[in-house]
Amino acid sequence: MSLQAPSLARPQDCCARSAQTPEAGFCGDCGKPLIWCMAAQECHSVIDRSGMCPVCIQPELYLDAGAASTVREGGKLALPLVIRNAAGIGRPLFVTGLWVKEDDAGWRELPLSFERLDSGRSANVAVRTEVLDHAGVHQVDLRLAIASRYHWREEAFVLTSSIIFPVESKDPNGPVTNINVTADQIGAGLTVYNPTRIEQERAAGQDTHARPIPLKLNRADQDETRLGRRGYDNGLRVPRAVSFAWRGFAEGDCPADGPILDPSGILYFGRNAVGHDQEGNDARLLVSQADGALSPLTGSISRQHFSIYPESGRLMLRVESQFGLRVNGDAYGRTKSVLLEDGAVISPLRKSPDALTVTVNFEAEREDVTRILLTRTCRA
Amino acid sequence: MASEPIVLSDPRMLAEFMRQSEFKAFFEKRFAVPPDYAALLFKNGELVDAFKGGHFSVGGLVDRMKSLIGGSTHISMMIADLKPFQLQTVLRATSRDKVEVTGVVTLEVQVNTDKPSNILGMMHGVDRAPGDANDLGRKALAKADVLDRIRPHFSDRVFEAAIGRVDAADIRGDTGLQDKLQADMMKEVERVVGDLGLIIRSTSIEWAQNAEEAAEQARADAERRQKEVEFQIEMAKRQAELINDATEFEIRSRTELAKLQNASEDELKHMALNSEIEFIDARENAKRRQELEELDHQVAFLEKERKATFENQLATARNETELMRIQQEQLKIDTDMSALRETHMQEMKKSGAFSELEVSALAQKQQREHISELQEIELRGERVRAEIKRLDRQQELDGQKEILIHKKGMSAEQILALDAGLSPDVAMVLAERARAEASSNEQSMALMREMVEAAQAREIRTEDQARTMSDIAMRGAVGVAAGAGGKPLPEAAATGQPQAEIQTIDCPKCSTAAPATSKFCMKCGHKLRT
């Protein structure tokens, strides 16, 4: 397995170079924001424009050595596959699904006995085609769902590959190749009917594969949406580099408009002041009264109340507060993750949902969300 | 017409030439070679083709007539079994500690289905003269023949070489050794018969028990038996103690003790009958006493354990605050332990299994121990406190000494920066810049004061930070203009000196210094050049 498949993710060279500068938030050459992998503490890498980390996501798919490459009509072809995690820094890869499709038939999911593949490890999967009842060139498509996980977060991707192989004709009505030799020693001619030749066929180059054949993996963005692995049901996707715009927050209580530049990729909301220390928030949530004084309800907001972050093309919210909160009127407890859709209303105070709300609005260009407006409204 | 199957004459055979007599017939005969056999067809001694199975039609008068016209040709056929087969042999070697080691080697071999004709190499050629006793060509190859060919290559080259490096006791379960032996054996088979139409699929070795292992097993058996006997003795002893404890009796009497002690058995019986003495069964008390004694032991053990933990904490205490905290915790635990002991004493008294005297003696003993422990702890705490103070003082002295060493040979500018609390490295950088920019000592000191104030305000700690700060301060707007145009600095251009440091420009939006070659600010993303 020495053949190295090319990496799927490729951040631009200039961005990768700029990421070497400590505390750099933007690329010095192209000006694009440097978006770090959610596991940057381990992989120290920026992701590419499609949201993939070149260090964490390194799956390799092989057709194992010794696999037959041709089959006769009416037969089945066994495809022994090897899935390998080639990540070099100990990041595990999770294989969450494998589907196979033959020609124009539908996708057939194969049950997998494993999910986690540690760095450098490989797993074997046996795929068998259905009965191939037509001669000619056939194609088997493979669809692989993978995920990278870090604490509670997950980035899921779907990749495809295909194998093309010829199916030879059985041809029962065709001419039979016979060999006729005569010999008076045995007193008769000797006829051999349509045998399977061994050495002549081998000499013609129809050998089995002595080494595993690497299969090229391509990103299947449509399948990611279709299978619900990335993005929203309506096709919208929130990229990691999405820009956040802050409305209704007091000056100094929210960061400047723009993408999340912190390597964690998370925005924290809560009662604590905005700051860079461990307990500091990205946006401060206070309940103020009409006269500008702080409402007693502020005490019900935790120091860190909730966090929002883009994950697998969606905007997610995680409840950090022990008091819980409401999203679109539904209450959620601590450590629960909630999908935030366009127009979602976050009510940090579970018992007084109208006192303080943060509304989420998307601005999209075609299917990509380019800006997310976070509007704070206080009615205490 | 039904076909006759052609198979090997014996299952121990691997390959065989077909007898000519089987093909001779007046009428046509049909034969079938199963698909798990290779059929090799020879014409006039030359290999025509090889087939995986086949269907042959032989004989008949018409074909015979045709052969008379067409001329005579010699035809023969060989069949070879293509299925994998197993070979086993026993090998012996001597280990590093001179113990004979025996292993059963199992080989999985198969005729190479891609090149079955190469098996002829094992058969010493094709049989060209049937019936000739002088012909050395063989008509068949047995599976045992294959083993005979391979076996001599294993004994010294593979087996002795590997076993001689390990001790007999370490061989079993050593997968590394197994892997090495398997790999070596497969390599040998490949080398010997690889191009003779055989392929090796796998090998493995099963170890027979060697003398060292047998001795080890005997030792382990003996130890097990010894332990069993010891356990039985222990159980018997406990049983005896229990019986002893449980048969303790208390005699209560109003008679004189001396009289009782001197009384014979008959006299005691008589006294008992007359109710002068009475026996009280003390079994319950004895049992209760045992339980409480065990509990007392547990309490003492808990206390010892806690003491050890506390000593460990004391030894690792780093400062006064930590020491206080540990002592407070200790006090709390002490109080808990005292309460526990008190409860236990009450229990002992209540149980009636101990006399008043025993309980009070025990209490006094524990109190003595407790007080001495507390005194010891206090003393230890004092010692640790004194040690911490001494270390603090030492650190302070070391710091002062270091500053004095640095100050020696320093310029007035550096000492100024050092006194202001900046590090020696930063002081050196700032002093260099001040001297370089100023024309007199007064100017240099004035500039140095400004820079020290700025460095304090910006919390400059490292040499690099100091250099960056002084660069920005010295070049100011000149740097921005020069950097924006991508041109070298005027002084550098005039002198023709190469620029040693990277040119930076300040972002007009966030004032962050960025390399002059950057098109965008790396802090806020603001566009720096068009």
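Predicted model: local features only at pLDDT ≥ 70, side-chain atom pairs only at ≥ 80, totals over all residues.
Figure 1. Leaving aside residues up to four places away in sequence, B:Ser444 touches B:Glu413, B:Ala434, B:Arg435 and B:Ala438.

**Figure 2. B:Leu260 and B:Met271 in chain B.** Helix 7 of chain B, formed by residues 257–262, contains B:Leu260. With a relative accessibility of 16%, B:Leu260 counts as buried. B:Met271 is 11 residues apart from B:Leu260 in sequence, and their C-alpha atoms are 9.6 Å apart in space.

**Figure 3. Salt bridge between A:Arg84 and A:Glu60.** Over all chains, the structure holds 32 salt bridges. In the one between A:Arg84 and A:Glu60, the closest N and O atoms are 3.1 Å apart. A:Arg84 lies in strand 3 (residues 78–85) of chain A and A:Glu60 in strand 1 (residues 59–63) of chain A, so the pair ties together parts that are 24 residues apart in sequence. A:Glu60 is buried, its relative accessible area being 3%.

**Figure 4. Salt bridge between A:Glu154 and A:Arg149.** Side chains of opposite charge can pair when their charged atoms come close. Here, the closest N and O atoms of A:Glu154 and A:Arg149 are 2.6 Å apart. A:Glu154 is partly exposed, with a relative accessible area of 26%. A:Arg149 likewise counts as partly exposed, at 25% relative accessibility.

**Figure 5. Salt bridge between B:Glu213 and B:Arg172.** The side chains of B:Glu213 and B:Arg172 form a salt bridge with an N to O distance of 2.8 Å. This pair links distant parts of the chain, 41 residues apart. B:Glu213 lies in helix 6 (residues 211–246) of chain B, whereas B:Arg172 lies in the loop between helix 4 (152–163) and helix 5 (175–193) of chain B. B:Glu213 is buried, with a relative accessible area of 13%, while B:Arg172 is partly exposed, with a relative accessible area of 42%.

**Figure 6. A salt-bridge network in chain A.** A:Glu155, A:Arg219, A:Glu224, A:Arg230 and A:Arg237 are joined into one network by salt bridges that share partners.

**Figure 7. A negative surface patch in chain A.** A:Asp221, A:Glu365, A:Glu367 and A:Asp368 form this patch. One of these residues, A:Asp221, lies in helix 4 (residues 221–226) of chain A. A:Asp221 counts as partly exposed, with a relative accessibility of 42%.

How values were computed. Residues numbered from 1 in each chain as written. Chains lettered and ligands numbered in written order. Heavy atoms only, no water. Helix = DSSP H or I, 4+ residues; strand = E, 2+ residues; numbered from the N terminus. Buried < 20%, exposed > 50% of the residue type's maximum accessible area, 1.4 Å probe, protein only. Patch = residues over 30% accessible without salt bridge, like charges linked within 9 Å, V, L, I, M, F, W, Y side chains within 5 Å. Areas by Shrake-Rupley, 256 points an atom, 1.4 Å probe, with all protein chains shown as cover. Salt bridge = Lys/Arg side-chain N within 4 Å of Asp/Glu carboxyl O. Lys, Arg positive; Asp, Glu negative; His and termini not counted. Charge placed at Lys NZ, Arg CZ, Asp CG, Glu CD. Contact = heavy atoms within 4.5 Å.
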